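Please look over the sequence and the model below before reading on. The briefing that follows goes from the whole chain to a sheet and then to ring contacts.

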Amino acid sequence: MLKITPQRKRECKRWRLKMMEPQENTNDDSVPSPAPPPLPRERIPVQKGSVCSRSYFMVVMVFFHVYVLNVIALLLYVHYNSGSEAGSSSRDFSSRSSGHKVAEPLDPQPADPGFTRRMHLPRIEGIRVGHVQKVSLVPGKMHEMKTLSLKPLLFEIPHFLSEEECSVVVRLAQLKGLMESQVMVPEGQEELNQQLNLSPEEIFNLLDLNQDGQLQPHEILTHSRVRDGIWLTPENLREIYAGLKADHDGNGLLSLEEFGHLSSDAFQRFLLQRGVKRSQLVRNSRHTWLYQGQGAHQVLRDLRNRVIRLTRLPPSLVELSEPLQVVRYEQGGHYHAHHDSGPVYPETTCTHTRLAANTTSPFQTSCRYITVLFYLNTVEEGGETTFPVADNRTYEEVSLIQNDVDLLDTRKHCDKGNLRVKPTKGTAVFWYNYLSDGRGWVGEQDEYSLHGGCVVTRGTKWVANNWINVDPDYHRQARYQQLVSQQESQEQQLEKNPEQNTDTHQDLPSPVR
């Protein structure tokens with residue numbers, strides 16, 4: 001900063017006094033006018049103020065230019081990286097509907113050791129419960145999509161299908177033929193336990209959710225329902241304990257010693273001896289599967305394309321997912337509360353990508369990222385889809401069965417659930433079974449997606465399901481897509497050259513339902 005010296009101050013003072021003196025008139029004929037009164041003295045900090053403003057301005061401009069240069073460099077970096085990733089994404093995840101397939105030799109492991117994520121899964125925002133947003137599903141028409149819950153992220157779309165489309169799907173399912181949706185789980189639990197090398201103590205600890213050293217009724221019921229496919233009630237459990245003489249002290253709890261005396265399939269054998277009614281099964285319905293790919297009925301293909309527009313997912317993911325499942329519930333039919341897909345652990349493989357896993361695992365799950373449920377008729381009475389813990393503050397498995405209220409039981413306590421959707425012909429609902437990992441891919445299982453089908457008290461219920469399969473392991477999903485693209489290219493080559501050796505053809509096993 002410029003320093004004002006005393007000498008400089010005196011010079012400024014003299015200059016100001018001189019400027020206030022009257023000027024001489026050069027016209028000789030004029031009469032001298034009286035001198036004007038002296039002006040008030042003012043201090044003019046010309047030098048100091050101008051120097052400070054200029055220095056401050058220069059500093060601000062330097063920082064501003066540095067900031068602008070950094071922003072430009074960041075934008076260039078993002079632009080070039082996004083461009084290269086988009087090019088790779090179009091090769092790795094090319095749409096089957098576009099007809100452009102890239103067949104590259106694949107190694108057992110991804111060629112790129114880094115193998116960064118090149119595809120992201122868009123996720124629709126629910127905003128708030130009751131929020132309605134417009135979606136374009138068919139040309140020239142807008143549908144309304146209403147948010148039903150945020151946990152899970154659940155939406156309802158009325159008039160998703162026309163009445164004629166609903167009738168066509170039902171007739172196609174009837175022509176295909178329906179089968180029982182559930183049978184008793186086949187024997188072989190002992191072999192599985194031997195394969196996993198689990199001791200009775202290890203199994204006991206797995207079932208003991210609260211780790212109190214005692215197996216409570218709800219812990220046994222949850223395990224038996226999942227493994228045996230039989231819906232046991234606390235009353236059934238007491239009968240089994242008495243028949244197997246398992247609960248020696250009669251307190252309704254199983255200790256490790258009492259549990260050790262039971263074989264892994266003791267419950268199943270006991271129930272088979274007594275006979276199991278259809279109403280005692282976890283699911284009481286009949287179903288079939290309808291192919292939606294090339295050559296399928298136009299209504300089925302239109303339905304799949306509508307699902308692609310609804311979910312905003314890459315077409316290849318939807319096209320490689322499970323076929324359309326059509327289900328019929330007669331009067332008394334039900335489906336107790338369940339999750340459509342289970343959690344995926346390191347030792348678990350997804351059914352649809354197990355070919356790309358390059359490992360064998362006794363644990364497989366369907367990895368259904370999204371469920372889209374269609375109501376094909378309006379049920380006379382009952383048959384709602386219930387979400388027992390939708391938008392709960394917390395989720396605790398042990399709290400699902402409290403005293404005489406079992407939120408999982410859709411035959412007795414369907415009205416106790418937090419949310420129920422009434423089946424209306426043509427309406428669709430869809431929800432996410434997994435959370436996001438924060439990086440645009442599949443995260444942990446959304447436990448709030450627990451749902452079930454309430455018992456049909458009058459009439460018949462027809463529904464259809466489209467499940468979108470995505471492996472939470474991005475590497476496996478990417479490799480699976482590449483393998484499918486490679487297989488399709490080989491099939492195209494074989495069609496062009498029928499004389500080519502067909503031994504090179506690689507079959508993809510059909511997914512286990």
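This is a predicted model: local features need pLDDT of at least 70, side-chain atom pairs count only at pLDDT 80 or more; totals for chains, interfaces and linings use all residues.

**The chain as a whole**
- The chain contains 13 helices and 22 strands, and buried residues make up 43% of its 513 residues.
- Of the contacts with a separation of 6 or more, 76% are between residues 24 or more positions apart.

**An open sheet**
- Five strands form an open sheet with antiparallel pairing, in the order E5-E8-E20-E13-E16, and its edge strands, E5 (283-284) and E16 (419-421), each pair on one side only.
- Strand E13 (residues 385-387) runs antiparallel to E16 and is joined to it by 3 bridges, and phenylalanine 387 has leucine 419 in E16 as its bridge partner.

**Aromatic pairs**
- The structure holds 9 aromatic pairs, including a tilted one between tryptophan 289 and tryptophan 467, with 6.3 Å centre to centre and 50° between the planes.
- This pair links strand E6 (residues 286-290), which holds tryptophan 289, with strand E22 (residues 461-469), which holds tryptophan 467, and the two residues are 178 residues apart.
- Tryptophan 289 counts as buried because its relative accessibility is 14%, under the 20% cut-off, and tryptophan 467, at 5%, also counts as buried.
- Ring pairs also link Phe155, Tyr369, Phe430 and Tyr432 into a cluster.

**Charges over rings**
- The charged end of arginine 368 sits over the ring of tryptophan 467, 3.6 Å from its centre.
- The charged end of lysine 461 sits over the ring of tyrosine 329, 5.0 Å from its centre.

How values were computed:
Residues are numbered from 1 along each chain as its sequence is written. Side-chain values use heavy atoms; hydrogens and water are left out. Two strands pair if DSSP finds at least two bridges between them. Helices (H or I, at least four residues) and strands (E, at least two) are DSSP runs, numbered from the N terminus. Buried means under 20% relative accessible area, exposed over 50%, partly exposed in between (1.4 Å probe, protein chains only). Contact means heavy atoms within 4.5 Å. Rings of Phe, Tyr and Trp (its six-membered ring) pair if their centres lie within 6.5 Å; planes under 30 degrees apart count as stacked, over 60 as edge-to-face and the rest as tilted. A charge sits over a ring if NZ of Lys or CZ of Arg is within 6 Å of the ring centre and within 35 degrees of the ring normal.
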